[in-house]
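Hi there,

Here is the structure I promised to pass on.

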Amino acid sequence: MAVPKPLPKDAEVMAAILKDMGVTDYEPRVINQMLEFTYKYVTDVLDDAQVYSNHAGRREVDGDDVKLAIQTRLDNSFTIPPPRDFLLEIAKQKNNLPLPALKSQNGVRLPPDRYCLTSTNYRLKQPQKKATLMLPSHHHKAPMTFITRPAPYTMKNTSMRQSGSSKSDASNMGQKRKRDDDAD
């Protein structure tokens, strides 16, 4: 059985901070992200404090330099939300304006039909009609009726155009289908 590695002291501090705030369910990577943010923030603040100390002509960084660096970071990096009363006043002003009137159309508003895929883009061909043929017959005096097999309904695309020689290709395909149907 493997013994879990002990956490570094900084990671234990981050876990204790999360626990104090009431956060008990988190991924282990959260602690690493918090440590990375903290290290970067502290490093940037100390670099800024060093710059302020050098600007003042001192070789050592003192507490005032660090305070100034933190205040500068707060002013530039983090935003403080406006007071609640201010937000309530803006909300009251905005909510006093009436909403625009609704148009008389009901339902979902769609673009013009040519841009929609809701209309029919095909046309059904009509089946062939019955043919009556009079044959001379010695046994039958009445004309015989032959029913030609109607072609199955086929779809003819009316909205999409094929590239190239589309008319000849389409008619050749239609004739080929007709010949295939007749062969059956």
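This is a predicted model: local features need pLDDT of at least 70, side-chain atom pairs count only at pLDDT 80 or more; totals for chains, interfaces and linings use all residues.

For the chain as a whole, the average pLDDT is 76, with 66% of the residues scoring at least 70.

On to the architecture. You will find five helices and four strands in the chain. Reading from the N terminus, the order of the elements is α-α-α-α-β-β-β-β-α.

The pairing I looked at in detail is H1 with H2. The axes of helix H1 (residues 9-20) and helix H2 (residues 28-55) come within 10 Å and cross at roughly 110°. Angles of 65 to 115 degrees count as roughly perpendicular, so that is how H1 and H2 lie relative to each other. On the H1 side, Asp10, Ala11, Met14, Ala15 and Leu18 take part, and they meet Val30, Ile31, Met34, Leu35, Thr38 and Tyr39 of H2. Sorted by class, this contact of H1 with H2 has nine nonpolar residues, one polar and one charged.

A few totals for the chain may also be handy. Of its 184 residues, 7% are buried. The chain exposes about 17500 Å², and carbon and sulfur atoms supply 57% of that area. Among the contacts with a separation of 6 or more, 43% come from residues 24 or more positions apart.

Best wishes

Terms used: Residues are numbered from 1 along each chain as its sequence is written. Side-chain values use heavy atoms; hydrogens and water are left out. pLDDT is the predictor's confidence in each residue, from 0 to 100. Axes are lines fitted to C-alpha atoms, for helices over the stretch in contact, and angles run from 0 to 180 degrees between N-to-C directions. Helices (H or I, at least four residues) and strands (E, at least two) are DSSP runs, numbered from the N terminus. Angles under 35 degrees count as roughly parallel, over 145 as roughly antiparallel, 65 to 115 as roughly perpendicular and the rest as oblique. Contact means heavy atoms within 4.5 Å. Ala, Val, Leu, Ile, Met, Phe, Trp, Tyr, Cys and Pro count as nonpolar, Asp, Glu, Lys and Arg as charged, and the others, Gly among them, as polar. Buried means under 20% relative accessible area, exposed over 50%, partly exposed in between (1.4 Å probe, protein chains only). Accessible areas come from the Shrake-Rupley method with a 1.4 Å probe; for residues, only the protein chains shown count as cover.
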